[in-house]
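Let's take a friendly walk through this structure. Have the sequence and the model open side by side as you read.

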Amino acid sequence: MKDCLFCKIIRKEIPADIVYEDKSIIAFFDINPANKGHTLVMPKNHSNNLLEDNEDDLKNISLAVKKIGNAIMKATNAEGLNIISNINSVAGQVVFHTHVHIIPRFKDDGINFKVQRRYYDEGESKKLASKIKTLLK
Ligand code: AMP
Ligand code: ZN
């Protein structure tokens, strides 16, 4: 995609700190890291988000996230990771080229993903679970 920021990085029109690249996947540092080593992993094929990816890209991205996640843990001495993919603006997606964030985590690093809990009304969770189940048949 001509005007997509990440496609431009993939085509090397914009510089990035690339940590991994093969024929279908690229991974580079986030320019605004939540922690040092925060990396974005993505397919080279343009798609808007993870739910729109083809099966091959999904397989390749999962394998790459595992491999790169392990390397980031070792390189940064992180004690954990957050692996996140934002889908659509309402969920915080800003760049509409599929990508997975790998964020190294350290004790007391000040990052807080805790959210306010919601509660189901009586019977609501069963209804919703059954609706999703039906859609997956
Ligand atoms: P998202 O909100 O999931 O769409 O994440 C987009 C991410 O891309 C943000 O965390 C940005 O900091 C990051 N980003 C934006 N521009 C660049 C760039 N030129 N190189 C690397 N990362 C970038
Ligand atoms: Zn793109």
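Which backbone oxygen lies 3.1 Å from a polar atom of the side chain of Thr98? That oxygen belongs to Asn49. Please keep in mind throughout that the model is predicted.

**Around Thr98**

Thr98 sits in the loop between E4 and E5. With a relative accessible area of 1%, Thr98 is buried. Its side chain also makes a polar contact of 2.6 Å with the side chain of Ser47. If you set aside the neighbours within four places in sequence, the residues in contact with Thr98 include Val41, Met42, Pro43, Leu50, Asp53 and Ile61.

Now to the strands. An open sheet is formed by 5 strands in the order E1-E2-E3-E5-E4, with antiparallel pairing. E1 and E4 are at the edges with a single partner strand each, so one side of each has no neighbour in the sheet. On average, neighbouring strands of this sheet are turned by 20 degrees against each other, direction ignored.

| Strand pair | Bridges |
|---|---|
| E1 (residues 18-21) and E2 | 3 bridges |
| E2 and E3 (residues 39-43) | 5 bridges |
| E4 and E5 | 5 bridges |

Glu21 has Ile26 in E2 as its bridge partner, Phe28 stands opposite Leu40 in E3, and Asn82 stands opposite Ile103 in E5. Helix H2 (residues 55-76) packs on the sheet and touches E1, E2, E3, E4 and E5. The direction of H2 makes about 160 degrees with that of E3.

Strand E2 deserves a moment of its own. A hairpin of 3 residues joins E1 to E2. Why is E2 (residues 25-29) described as largely enclosed by the rest of the structure? The reason is that 4 of its 5 residues are buried.

**The whole protein**

Stepping back, the secondary structure comes to 3 helices and 5 strands. Read along the sequence, these follow the pattern α-β-β-β-α-β-β-α. The C-alpha trace spans about 55 × 40 × 25 Å along its principal axes. The protein has 137 residues, of which 31% count as buried. Among contacts with a separation of 6 or more, 52% come from residues 24 or more positions apart.

Technical notes
Residues numbered from 1 in each chain as written. Chains lettered and ligands numbered in written order. Predicted model: local features only at pLDDT ≥ 70, side-chain atom pairs only at ≥ 80, totals over all residues. Heavy atoms only, no water. Buried < 20%, exposed > 50% of the residue type's maximum accessible area, 1.4 Å probe, protein only. Helix = DSSP H or I, 4+ residues; strand = E, 2+ residues; numbered from the N terminus. Pairing = 2+ DSSP bridges. Polar contact = N/O pair within 3.5 Å; in protein donor to acceptor, adjacent residues only side chain to side chain. Contact = heavy atoms within 4.5 Å. Axes fitted to C-alpha atoms, helices over the stretch in contact; angles between N-to-C directions.
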